[in-house]
Amino acid sequence: MRIKKQILWLYELMNFNLKSVFEYKSAFLMQVIGMMINNCAFIFVWYLFFQIFTSVNGWGFKEMIGINGFVALVYGIVFTMGNGIRKISRNVTYGQLDKYLVIPKNPLLSIIFSDAHISAIGDLFFGIISLVIYYAMSNFNFMQILVLPILIVFAVMIFAGFIIFAQSVVFWIPNSDELSDTLFEFMLGPSLYPNSTFTGIIRIFFSFFIPALFISGIPINIILNLDIIEILTMVVVAIAWLFFAVKMFNWGLRRYESGNLVGIR
Amino acid sequence: MNLKKKLKKYTEVISIAQNELFASPSNYIARLFIHALRISVFGIIYSFVFNESGKTTIDGFTAVNAVWSLALVQIIYQCSRNTFTQIKDEILSGQIETKLNKPYSFIVFSFLDAIGQAPAKFLGFAAVTIAVLITFFGVPDFSIIQLVGFLPLFILGLILQTLNLQLIALSAFWIENPDPVFWITSKLTWIVNGTFVPLAILPIAFRTVSDSFPLSAPFFMGRIFEINSISDLGKFLLIQLVWIMIIMFFIRIAYRKGITKVSINGG
């Protein structure tokens, strides 16, 4: 019953955020299309790159469409639904967390779902289109199609978990907005490179400590090879990251000293 | 006397910004550490890509050049401060009204506040970059003109990057939420400035298009290996200077028009 109420409340929050986003239709369209064009330019850069290097350890331009599509889709889902996730650090720094603490709901969920990111909808559409193109170019079988939504769910959990972790650093290191952004970009950057360039210790580091490969190359690898061990590893990593991140936020929350700003929500 | 007073006032802004950086040294140290990791990763990726392809150079550009190029772009990012969020928040929250009656220019104040930390950050990030790159990836053959070009390209680049962010933030006077504009331009910047793929290995046509963007000009320091003569350096510096003038002009207009839209409420 309680879970049902929470889900209904989250649905209402997202619905409200999206309605306010759709209110300004021309601005909405401009931003969504703008972001999609931007992402296409990114793909174009990789096209130029692979004109020079042809392939990187067996990975070529086709795989880069898959990687960029997958990352864009995960990014789009997380920030379209819960853009507030990137504002935790700032809210803490400016003592604005209080307004989320006084309502009888989970504070972390309240912050995460407090905002929607318009241009992330562009990433979402771009991700879907790129993955459709990637699948069409690859002639995948039914199982390879079926595994995609499952991988998206776990990649979203990992991505969200890492952002919550990076944003929660603020409870221990004051004024760390820039550090949180740096950590976020440190994860996003490697995820946009061909997965095959990461080997040995670097691969372990970017899989488990900074889980960049789990939102990009590893899911594409799983689609290609349908390796059950890799799928199970991804499930474990997703649960572990989300669990750890939520715990870290809750530990940090105990250290939070209320600001003197008065605000209502 | 007036100028002396102004200088004193604005020097104080820079000094406060610097003190802020050292108020939480753990934040600064953690960022230096992440920067070291990030450029190491770039190094590993490009060493791998060049090795695997069997190419030692592309138009005279080596894997070591590529790593240095990407690291230099990162230095500009790390030294500039996110003045966008600060200005945007003040406009949207209405707090800007409390700044308008102060005896300073809001734009100059936020500009100096943003670049005030740059000298200290530059020293730290440059030291880490040089240490990591020399230790693990080697030193490219720098010419005298390239060594001379570093500092002016960095200074003008940092000024332009800060101005770009200010201009985007000022759009908050007209649009309800300028975040998407910031996101779209940030992503476009990654493409045209060589954040992920050094521009030197891309076709000349792409570089020419990239040159014409005010978003890529702040990061010319990353293209240091394309500078072979004083005229090359002059071209990059001139582009940066022209964009600084243009963006300053637009900031002036946007700010003047924008503050007329601020409504001050009592209470």
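**Notebook: helices and selected residues**

I began at the start of α8(A), where a side-chain oxygen of A:N141 comes to within 3.1 Å of the backbone nitrogen of A:M143. Helices here are DSSP runs (H or I, at least four residues), numbered from the N terminus. I note that this is a predicted model, in which local features need pLDDT of at least 70, side-chain atom pairs count only at pLDDT 80 or more, and totals for chains, interfaces and linings use all residues. Residues are numbered from 1 along each chain as its sequence is written, chains are lettered from A and ligands numbered from 1 in the order in which they are written, and side-chain values use heavy atoms, with hydrogens and water left out.

**Entry 1: helix α8 of chain A**

I looked up the extent of α8(A): residues 142-168, 27 residues in total, reaching 40 Å from its first C-alpha to its last. This is close to the 39 Å expected at 1.5 Å a residue, the expected span being 1.5 Å times one less than the number of residues. I found a kink of about 25° at A:L148, shortly before the proline A:P149; the bend is the angle between axes fitted to the seven residues ending at a residue and the seven starting there. I also recorded that 19 of the 27 residues of α8(A) are buried, so the helix is largely enclosed by the rest of the structure. Buried means under 20% relative accessible area, exposed over 50%, and partly exposed in between (1.4 Å probe, protein chains only).

**Entry 2: residue B:N193**

I located B:N193 in helix α9 (residues 179-193) of chain B. At 2% relative accessibility, B:N193 counts as buried. Its side chain is joined to that of B:T195 by a polar contact of 2.5 Å. A polar contact is a pair of N or O atoms within 3.5 Å; within protein, one must be able to donate a hydrogen and the other to accept it, and residues adjacent in sequence count only if both atoms are side-chain atoms. Apart from neighbours within four places in sequence, I list B:V73, B:Y77, B:L199, B:S216 and B:F219 as in contact with B:N193, contact meaning heavy atoms within 4.5 Å.

**Entry 3: residue B:A71**

I placed B:A71 in helix α3 (residues 63-79) of chain B. B:A71 is buried, with a relative accessible area of 0%. Beyond neighbours within four places in sequence, B:A71 is in contact with B:H35, B:I39, B:T129 and B:L133.

Definitions and conventions
Helices (H or I, at least four residues) and strands (E, at least two) are DSSP runs, numbered from the N terminus.
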